[in-house]
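Please read it alongside the sequence and the model shown here.

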Amino acid sequence: MFERKWEDGEYTYRFGKFYRGEKKRQVAKLPEDRSFLQGAALKGGQTALELYTWFNDKLDVLPLGYGANAEKVIIDSLKAHPEWSDQIVSFLWALDVTDIFRLQVIRNDKGMETVGISHCFVNAKGTEAYGQTFMNESLSLRRLILIAVSFFEAFSREKIIVIDDFGQLLHPYVLTHIVEIFHANDMESQLIVVDCNPALLQKDLMRKDSIWFAEKGEESSTEFVSLADFRGVKAKQSIYDGYLQGVFGALPIESDFCFQNKVKENN
């Protein structure tokens with residue numbers, strides 16, 4: 001459709017020959033804080049509107065799940081869907097996080113909105129409860145809560161969720177069960193993840209054509225190969241074991257390292 005580059009302090013455009021309309025006039029009027037795609041869509045460009053709507057309504061790129069951006073996503077979701085609070089608790093219990101019984105949007109001492117998380121535990125005195133804010137919880141719990149609300153969005157309407165370092169800080173059993181939960185929904189949503197945990201290669205967890213291996217090429221560029229392209233893989237063969245044995249490549253090349261605690265003398 002078009003290409004935009006930043007050159008010598010300004011944007012330059014190059015348009016595809018089949019992308020027609022008043023695009024050149026829009027370029028001159030476009031504010032610097034607005035993308036051309038958005039500007040063309042808001043002006044009624046049919047092709048741009050269709051693509052922009054896809055990005056705006058269906059694509060959901062998740063933050064890592066630890067910081068303020070992640071908490072804002074959760075706050076917005078809980079305010080829009082208060083009933084999801086109980087669903088998040090059930091989601092966490094399904095992953096063996098069983099000490100949480102309530103999540104809610106509250107205000108902290110500075111009057112700012114945050115997510116309050118109520119815990120319960122059993123001791124010699126019986127069952128006791130305590131509360132913490134989202135940012136004081138463990139990194140893995142924060143990530144699980146963010147994944148939960150993003151999944152609920154995908155279960156409610158068609159979404160495409162993109163997650164980098166999908167299994168970071170998560171136990172392999174938890175990671176694979178999360179994938180199973182996503183597969184159980186009846187919406188035509190998609191989950192696109194990047195991860196290096198071989199637990200995701202367990203049999204029947206994902207289709208072969210949905211697994212791609214990434215490996216560094218000769219020029220240090222990334223090359224992708226689909227598992228479906230390996231014709232010699234039999235249905236009963238363990239993809240998990242084959243990967244660890246180097247059948248599909250995409251393994252780190254290790255070498256010896258020894259720390260030298262010596263100060264070099266100047267000649």
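Predicted model: local features only at pLDDT ≥ 70, side-chain atom pairs only at ≥ 80, totals over all residues.

Residues are numbered from 1 along each chain as its sequence is written, and side-chain values use heavy atoms, with hydrogens and water left out.

**The largest pocket**

- The largest pocket holds about 970 Å³ of space.
- On a 1 Å grid over the protein atoms alone, a pocket is an open set of points where a 1.4 Å probe fits, with protein on both sides within 12 Å along at least five of seven lines, whereas a cavity is a set from which the probe cannot get out; lining residues have an atom within 4 Å of a point.
- Grid points are joined across faces, edges and corners, and the volume is the space filled by probe spheres set on the points.
- The lining of the largest pocket comprises 27 residues, and those nearest the centre are Val193, Met206, Ser210, Ile211 and Trp212.
- Two or more lining residues come from each of helix H7 (172–183), strand E8 (190–193), strand E9 (212–216) and strand E10 (222–226).
- Strand E8 gives the largest share of this lining, at 4 residues.
- Helices (H or I, at least four residues) and strands (E, at least two) are DSSP runs, numbered from the N terminus.
- By residue class, the lining contains 18 nonpolar, 7 polar and 2 charged residues.
- Here Ala, Val, Leu, Ile, Met, Phe, Trp, Tyr, Cys and Pro count as nonpolar, Asp, Glu, Lys and Arg as charged, and the others, Gly among them, as polar.

**The loop between E8 and E9**

- Asparagine 197 lies in the loop between E8 and E9, and alanine 199 is placed in the loop between E8 and E9 as well.
- The side chain of asparagine 197 reaches the backbone nitrogen of alanine 199 at 2.9 Å.
- This is a polar contact, that is, a pair of N or O atoms within 3.5 Å; within protein, one must be able to donate a hydrogen and the other to accept it, and residues adjacent in sequence count only if both atoms are side-chain atoms.
- Not counting residues up to four places away in sequence, asparagine 197 touches Pro172 and Leu175, while alanine 199 touches Pro172, Thr176, Leu205 and Tyr240; contact means heavy atoms within 4.5 Å.
- Alanine 199 is buried because its relative accessible area is 5%; buried means under 20%, exposed over 50% and partly exposed in between (1.4 Å probe, protein chains only).
- Aspartate 204 also lies in the loop between E8 and E9, and its relative accessibility of 70% is why it counts as exposed.

**Positive phi values**

- Aspartate 204 has a phi near 70 degrees, a positive value in a residue other than glycine.
- Aspartate 165, in the loop between strand E7 (160–163) and H7, has a positive phi near 50 degrees.
- Aspartate 165 counts as partly exposed because its relative accessibility is 34%.

**Buried residues in helices and strands**

- Lysine 23 lies in helix H1 (residues 23–29) and counts as buried because its relative accessibility is 13%.
- Leaving aside neighbours within four places in sequence, lysine 23 is in contact with Phe15 and Phe36.
- Phenylalanine 36 belongs to helix H2 (residues 36–42) and is buried, with a relative accessible area of 2%.
- Beyond four places in sequence, the contacts of phenylalanine 36 include Phe2, Tyr13, Lys23 and Leu30.
- The C-alpha atoms of phenylalanine 36 and glutamate 3 are 9.8 Å apart, with the two residues 33 apart in sequence.
- Isoleucine 117, in strand E5 (residues 113–123), counts as buried at 1% relative accessibility.
- Among the contacts of isoleucine 117 beyond four places in sequence are Ile100, Tyr130, Phe134 and Ile145.

**Cysteines**

- The structure holds 0 disulfides, a disulfide being a pair of cysteine sulfur atoms within 2.5 Å.
- Cysteine 120 counts as partly exposed at 26% relative accessibility, whereas cysteine 258 is exposed, with a relative accessible area of 56%.
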